[in-house]
Amino acid sequence: MAALVILFLLFSIKVICVSSSSRLPPAQRNENSDVGIKMEIIHRYYSSGSPFHNPNATLLDRAIDMVRRSNLRADNYCRRRRRWFRTNDVITPISPAHGDLLAVVDVGTPGVKSYALLDTGSDVPWFQCLPCKNCYDQLPDLYDPHKSQSYTLIKCSEVRCDNNPSIRCNSIDRVTCSYDVEYDDSSRSIGDLATETFTFGDGTKATNVIFGCGHQNTGTFFEEMSGSIGIGPTSLSLPSQLKVTRLSFCFPRVTEETVTSGQLRLGSPAIFSNPKIKLHPGRPELEEYYLLPLVGITVEFYGPVKFPRDLFEPKKDGSGGFLLDSGTYITRLFREAYEGVIEAVAEAMGEEYPRVYEHPSQLELCYDGGKGKWKYFQNAVPEITFHFTGRDMVLKDYATFMEVNTGTWCFPILMARNTSSFFGAFQMQGYAVGLDLAANEVSFTSAPPDCANN
């Protein structure tokens, strides 16, 4: 599972940077911009409908994978922050290869079914393309632009081919535009910048979508992914290109033996509820992320967890922040909050169930709940409330503890070791997360486990 990210801050360096979104050309208005779009989201291994489903993965496999990917993504974010503070230069995005949520989309005309890493922290969409000069092994069919009737190269003379570190005129032919995206872990995607038609699961088509047709893709990309789709608040992300200001997503429920699908909704079908939460304004080094205003946490049977109200506020020196990240599965909290929450949950659980120490999952708080006894164990699980400015969010019981062995349940929250913390996909299970990009607001609406079909 994908992991929660840690920010690393060098306090002695003054930050002077131009936002990368200001360098990117404005997204072209899509002719389908007023049409609502629904996209299926699957977990690459655990969703039963995934073509890459691994039926042999055990509960422990899932837990270890979640923590391992959390650590990888955190380490990558540290490198990214260090590089930015050293150079005051363009920020390399975090590699999506440590994520697990795939959006299903058909690329081209006729469409080639593709599985793109869905990431709130990424920008321009890209897909691996033929001819592949230097590419990673890919299980899904490779997209061939020469067989698509709707593929169009972007010319150097067009405003969309701006002279910036990611998009530039092709140095060989000086006619067509190219892109070069390098990630924090040195993974890289290079190819032609073009427009194409994307067809989504509900049959809706979006034309003239700017994307990267990658002919050289190297690094940590994995064979189940066809490419990447960013849904962050940046100019070339899919929502920005389609000129939609509202989107919502619900994630697959990974606590079930049979994991179903989630869903991303763009435009009119997006799900919202009131009151909404006002997001913090972005910072140059965090422009790809949505910053949540977390001010408190309460644990049932215990009470409020003690930590400074401004602990999660973005600071002027660049530290702080509670980032909503689809590429991260396990929430990470700053030490003061993490230690307080662990203590509170342990006290609230009491002594009814024996503790399990030094579990292989590396999660700190685990219990022996008994084989097949979740319905009894869940009665002891305290309700945990995240207090945001303007609204509370109560975690679902299945997003509070995770079965890591048959009958062994662990509290899946990790400690942030550096200067930012993250709200992960695991804790967002059971909710439709709505983002209003124009108003800079978010809402959490209770959703059924099979949210893709309801």
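Val299 has Ile384 as its bridge partner in β21. The structure is a predicted model, in which local features need pLDDT of at least 70, side-chain atom pairs count only at pLDDT 80 or more, and totals for chains, interfaces and linings use all residues. Residues are numbered from 1 along each chain as its sequence is written, and side-chain values use heavy atoms, with hydrogens and water left out. Helices (H or I, at least four residues) and strands (E, at least two) are DSSP runs numbered from the N terminus, and two strands are said to pair if DSSP finds at least two bridges between them.

The pairing of Val299 with Ile384 belongs to the contact between strand β15 (residues 294-299) and β21, which pair in the antiparallel sense over five bridges. Within β22, Asp392 is the bridge partner of His387, and Arg391 is that of Phe388. The two strands β21 and β22 form a hairpin with two residues between them, and Gly390 in the turn has a positive phi of about 100°. These strands are part of an open sheet of four, in the order β16-β15-β21-β22, with antiparallel pairing. At the edges stand β16 (303-304) and β22 (391-394), each with a single partner strand, so one side of each is left without a neighbour in the sheet. Four of the five residues of β21 are buried (under 20% relative accessible area, against over 50% for exposed and in between for partly exposed; 1.4 Å probe, protein chains only). Strand β21 is therefore largely enclosed by the rest of the structure.

A second open sheet of four strands has the order β19-β20-β24-β23, also with antiparallel pairing. Its edges are β19 (355-356) and β23 (402-405), each with a single partner strand, so one side of each is left without a neighbour in the sheet. Three bridges join strand β20 (residues 366-368) to strand β24 (residues 408-410) in the antiparallel sense, and Thr408 in β24 is the bridge partner of Asp368.

Strand β27 (residues 431-436) has six of its six residues buried, so it is largely enclosed by the rest of the structure. Both of its faces are covered, with Tyr431, Val433 and Leu435 buried on one side and Ala432, Gly434 and Asp436 buried on the other. Strand β11 (residues 246-250) runs antiparallel to β27 and is joined to it by four bridges; Gly434 in β27 is the bridge partner of Ser248. Strand β28 (residues 441-446) pairs with β27 over six bridges, likewise antiparallel, and Phe444 in β28 is the bridge partner of Val433. β27 and β28 form a hairpin with four residues between them, where Asn440 in the turn has a positive phi of about 60°.

Apart from neighbours within four places in sequence, Phe388 is in contact (heavy atoms within 4.5 Å) with Ile277, Leu292, Pro293, Leu294, Val295, Phe322, Met393, Phe423 and Phe444.

Ser226 is found in the loop between β9 and β10 (227-230) and is buried, with a relative accessible area of 2%. Not counting residues up to four places away in sequence, Ser226 touches Ser114, Tyr115, Trp126, Phe127, Gln128, Tyr136, Gln138 and Pro140. Ser226 and Val105 are 121 residues apart in sequence and 10.0 Å apart in space, C-alpha to C-alpha.

The second largest pocket is lined by 18 residues, of which Asn170, Ile172, Ser178, Gly191 and Asp192 lie nearest its centre. The elements giving two or more residues to this lining are β6 (167-169), β7 (177-182), β8 (188-199) and β9 (205-218). On a 1 Å grid over the protein atoms alone, a pocket is an open set of points where a 1.4 Å probe fits, with protein on both sides within 12 Å along at least five of seven lines, and lining residues have an atom within 4 Å of a point.
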